[in-house]
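Colleague: Before we open the model, could you take me through how side-chain contacts such as ring pairs and salt bridges are to be read?

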Amino acid sequence: MAAPAPLSSSSPFSEITAKPHPYQQHDHEPTKNGPKGAYEARKLNRGFYVRVDMPGVPTNGVKVVKYNETRTVTFTGKAPSLWPGFDSPEPRVYAGYVVLDRDPSEVNFTSEIDNGVFRLLFYPHCDGSLHFLSSPRRNSGAAQLGDHSGQDEEVKFPAQDNISFIVHSPLEPYGIILSGRKPDHINPHLLSGVKGVYEHKIIPTKDGEHLIYIRLDIPDTCKNTNLIMENFDGGIGFGGMTFKEGYNLSRFDEGPREYLGILQTRCFCCRYKVVKHDTTDGVLRFLARKSEKLDRTPVCHVTFPPATPGGDLQPRTLKIVGNLPPTLGSRQFR
């Protein structure tokens, strides 16, 4: 006999109760900004749809199990650490389950995970509820940020507070500290690992200098929908867009998502350049190093689609001439 499904520690919930992603742009065309929270469960005309953000989980990283006697379908995903020495060593693990209004063997279902978003579709004509395995109160402790300084400081900017600051601090080992708002823990399906949607760290190098490491969860994005821009508003801007596609389960989302963040200096004497960057499974990572040059020309790191079907993605570094777009998610970069 199959093992009983775990009991819920929450009541059924929907995206209405979900916390918004702090780096997702909500004020610009609010009816077209796509899903706002890390999860949703929605009744469709001919089925039941579930979406759970699992940034960092690869395409083969989710296990789905049916329990017919309890009308339950469980799911578990694991996000490995991809940048040793930079990523926090503990892998992130996501889990939850769906309770249906009938035996799972009586309905069809399909599941997929793509760019850090797990989706389930049950059909035809069924309903259900989405549950997590641990209380969000027990799971909402302080996020792990490594060398995060100024944790109690709340940075407020007009219409956005998605900024990390580099601040001169001569008494610190590297002459700077990183400060900014506390990262939000928005996903109760995340059971272990770093809880915040982003982390930043100061990493020492052998030559006595330092690197700044940024990790940002931007689920539903991929390499060729993201960009990083040096000398953006006095710092490094980073973000991305998602696009609804008609051939997979993302067509049930309400629209694309846009993200924007800034790593900004609080002085006019320092400039940082990007020395490594990558987007994998809905997670953007980059390393920045202090630049000896004070060239203020904006430089954009982008990835273009393959030149031929089946070819490799094409990373490019472009200098921007003229006025900057209003946001990194501007369609000027599509």
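Colleague: Is Tyr 23 buried or exposed?

Modeller: This is a predicted model, and in it Tyr 23 has a relative accessible area of 1%, which means that Tyr 23 is buried, since the cut-off for that class is under 20%. Tyr 198, at 2% relative accessibility, likewise counts as buried.

Colleague: What describes a pair of aromatic rings?

Modeller: A pair of aromatic rings is described by two quantities, the distance of the centres and the angle of the planes. In this structure the count comes to 10 aromatic pairs. For Tyr 23 and Tyr 198 the ring centres are 5.2 Å apart and the planes stand at 55°, so the pair is tilted. Because Tyr 23 lies in the segment before strand S1 and Tyr 198 in strand S12, this pair ties together parts that are 175 residues apart in sequence. Both tyrosines also belong to one aromatic cluster, together with Phe 238 and Phe 286.

Colleague: How are the rings of Trp 83 and Tyr 213 placed?

Modeller: Their centres lie 6.4 Å apart with the planes at 55°, so this pair, too, is tilted. Trp 83 sits in the loop between strand S4 and strand S5, whereas Tyr 213 is in strand S13, 130 residues apart. Trp 83 counts as buried at 6% relative accessibility, and Tyr 213 counts as buried at 0%.

Colleague: Which charged residue sits over the ring of Trp 83?

Modeller: The charged end of Lys 276 is found there, 4.3 Å from the ring centre. Elsewhere, Arg 266 lies over the face of Phe 165, at 4.3 Å from the centre of that ring.

Colleague: How many salt bridges does a search of the whole structure find?

Modeller: The search finds 15. In one of them, Asp 253 is joined to Arg 119, with the closest N and O atoms 2.6 Å apart. That pair links distant parts of the chain, as Asp 253 is in the loop between strand S15 and strand S16 and Arg 119 in strand S7, 134 residues apart. Asp 253 and Arg 119 are both buried.

Colleague: Where do Glu 199 and Arg 215 lie?

Modeller: Glu 199 and Arg 215 form a salt bridge whose closest N and O atoms are 3.4 Å apart; Glu 199 lies in strand S12 and Arg 215 in strand S13, so the pair ties together parts 16 residues apart in sequence. Glu 199 counts as buried at 3% relative accessibility, and Arg 215 is buried with a relative accessible area of 2%.

Key. Residues are numbered from 1 along each chain as its sequence is written. This is a predicted model: local features need pLDDT of at least 70, side-chain atom pairs count only at pLDDT 80 or more; totals for chains, interfaces and linings use all residues. Side-chain values use heavy atoms; hydrogens and water are left out. Rings of Phe, Tyr and Trp (its six-membered ring) pair if their centres lie within 6.5 Å; planes under 30 degrees apart count as stacked, over 60 as edge-to-face and the rest as tilted. Helices (H or I, at least four residues) and strands (E, at least two) are DSSP runs, numbered from the N terminus. Buried means under 20% relative accessible area, exposed over 50%, partly exposed in between (1.4 Å probe, protein chains only). A charge sits over a ring if NZ of Lys or CZ of Arg is within 6 Å of the ring centre and within 35 degrees of the ring normal. A salt bridge is a side-chain nitrogen of Lys or Arg within 4 Å of a carboxyl oxygen of Asp or Glu.
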